[in-house]
Each structure stands twice: as C-alpha cells, then as structure tokens.
Amino acid sequence: MAELVPFAVPTERDKTLLVWELSSGPTAEALHHSLFTAFSQFGLLYSVRVFPNAAVAQPGFYAVIKFYSARAAHRAQKACDRKQLFQTSPVKVHLGTRHKAVQYQALPLNSSQCQELANYYFGFNGWSKRIIKVTCSPWKQYGQEENEYLSDFSLEEEEFRLPELD
C-alpha cells in the first residue's frame with residue numbers, strides 16, 4: 001500500500017519516535033550525530049532532538065526523532081528497540097503515544113526542506129520547481145454573462161534532457 005507523504009511539518013504520533021536509556025558518556029552533540037546516522041537508514045528524518053534526563057532520573061539522555069514517513073518510523077522502531085545501536089547498553093525505542101485533544105493546522109515546510117523531501121523521494125534532478133508554460137483556456141459556464149469566464153489552467157513541462165558531454 002502506498003503512503004502519502006505531505007510537504008508539511010510532521011506532527012502525527014506515528015511519525016515520532018521516543019528513544020531513551022541513552023548513555024551519559026558522550027555529549028549531546030555526539031549522540032545527535034550517532035542517532036541521525038543510525039535512524040536515517042530507515043527513511044528521511046525531519047528532526048533529531050537530544051535532551052538530558054530529568055534531575056530525578058539517572059544521568060543520561062533521551063531523544064525525540066521525527067520522520068516524514070510513518071512507515072519508516074515503524075520500521076526503525078521495530079529494528080532498533082532494545083538493540084545496542086552505538087553504545088554498550090541497549091536503547092528503548094517507542095512510537096509516540098501522546099494524544100492531542102486539539103488538531104493543529106499543518107505547517108508547511110520551508111523551501112530547503114521541500115527540496116530535500118523531493119530529492120529523497122523523486123531523486124536528485126528527477127523533478128522541477130520551474131513552471132515552463134502556463135496555458136489559459138477560458139470557457140463560459142451555462143447561464144453566465146458574456147464577460148464572466150472561468151479559466152482552466154494547465155501546466156506543461158519540457159522534456160528532460162541530459163546535458164551534452166564534451
């Protein structure tokens with residue numbers, strides 16, 4: 001079954017992983033790099049955030065990892081839970097479970113994140129953000145005055161050509 005991956009900030013709980021029991025030895029920056037490397041093999045990541053444990057807990061860190069794809073988050077959770085990814089002790093990985101009482105409006109991605117997402121799924125140079133040609137074909141709807149028209153827009157792209165090599 002295909003999965004729809006919108007060009008929006010992922011907020012759904014099935015795209016969010018909680019990773020804990022991260023050791024206190026490395027720095028937060030080193031853990032961020034290790035987590036990014038370990039989890040990016042399952043799919044494109046929106047964010048990796050590392051936080052220190054609360055003062056009442058044992059020393060260490062936990063992380064919140066957001067994927068663009070729910071399918072990638074599920075695969076990562078199954079493959080990484082209770083495994084020694086990059087440290088001597090196993091980590092715990094669970095899908096987000098926080099239920100939101102209020103549904104928030106989806107926030108759009110910024111331009112560079114849209115390009116990163118398109119490159120990941122369509123391949124670099126497998127898509128274009130330029131509009132090559134816009135055609136406007138006016139048509140009259142039944143019962144409208146002569147000057148009231150709706151337009152049917154169509155976008156056309158030129159054929160993709162590889163640059164010639166010397």
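Aromatic pairs come to three in this predicted model, where rings of Phe, Tyr and Trp (its six-membered ring) pair if their centres lie within 6.5 Å, with planes under 30 degrees apart counted as stacked, over 60 as edge-to-face and the rest as tilted. One of them is formed by Tyr46 and Tyr68, an edge-to-face pair with 5.7 Å from centre to centre and 85 degrees between the planes. This pair links distant parts of the chain, since Tyr46 lies in strand β2 (residues 45–52) and Tyr68 in the loop between β3 (61–67) and α2 (70–80), 22 residues apart. Helices (H or I, at least four residues) and strands (E, at least two) are DSSP runs, numbered from the N terminus.

Are these two tyrosines buried or exposed? Buried means under 20% relative accessible area, exposed over 50%, and partly exposed in between (1.4 Å probe, protein chains only). Tyr46 counts as partly exposed because its relative accessibility is 25%, whereas Tyr68 is buried, with a relative accessible area of 1%. Tyr120 and Tyr121 also form an edge-to-face pair, because their ring centres are 4.9 Å apart and their planes stand at 80 degrees. Tyr120 is partly exposed at 42%, and Tyr121 is partly exposed at 40%.

A word on conventions. Residues are numbered from 1 along each chain as its sequence is written. In this predicted model, local features need pLDDT of at least 70, side-chain atom pairs count only at pLDDT 80 or more, totals for chains, interfaces and linings use all residues, and side-chain values use heavy atoms, with hydrogens and water left out.

I turn to the overall layout. The protein has three helices and six strands, which run β-α-β-β-α-β-α-β-β from the N terminus on. Of its 166 residues, 25% count as buried.

Next, the interior. A nonpolar core is a set of buried Ala, Val, Leu, Ile, Met, Phe, Trp, Tyr and Cys residues joined through side-chain atoms within 4.5 Å. The largest such core has 21 residues, and those with the most contacts inside it are Leu17, Val19, Leu22, Leu35, Phe39, Ile65 and Phe67. Two or more residues of this core come from each of β1 (16–22), α1 (28–39), β2, β3 and α2. A second, separate core of six residues includes Val5, Tyr68, Leu109 and Leu117. Contact means heavy atoms within 4.5 Å; leaving aside residues up to four places away in sequence, Leu22 touches several residues, among them Leu31, Leu35, Phe61 and Phe86.

Glu3 is placed in the segment before β1 and counts as partly exposed, at 27% relative accessibility. Between Glu3 and Ala70 there are 67 residues of sequence separation, yet their C-alpha atoms are 8.2 Å apart.

Finally, helix α3. Which of its residues are buried? They are Gln113, Leu117 and Ala118. These three lie on the same side of α3 because they cover an arc of only 135 degrees around the axis, taken from the directions from the helix axis to the C-beta atoms. Their cover includes β2. After α3 comes Gly123, with a positive phi near 90 degrees.
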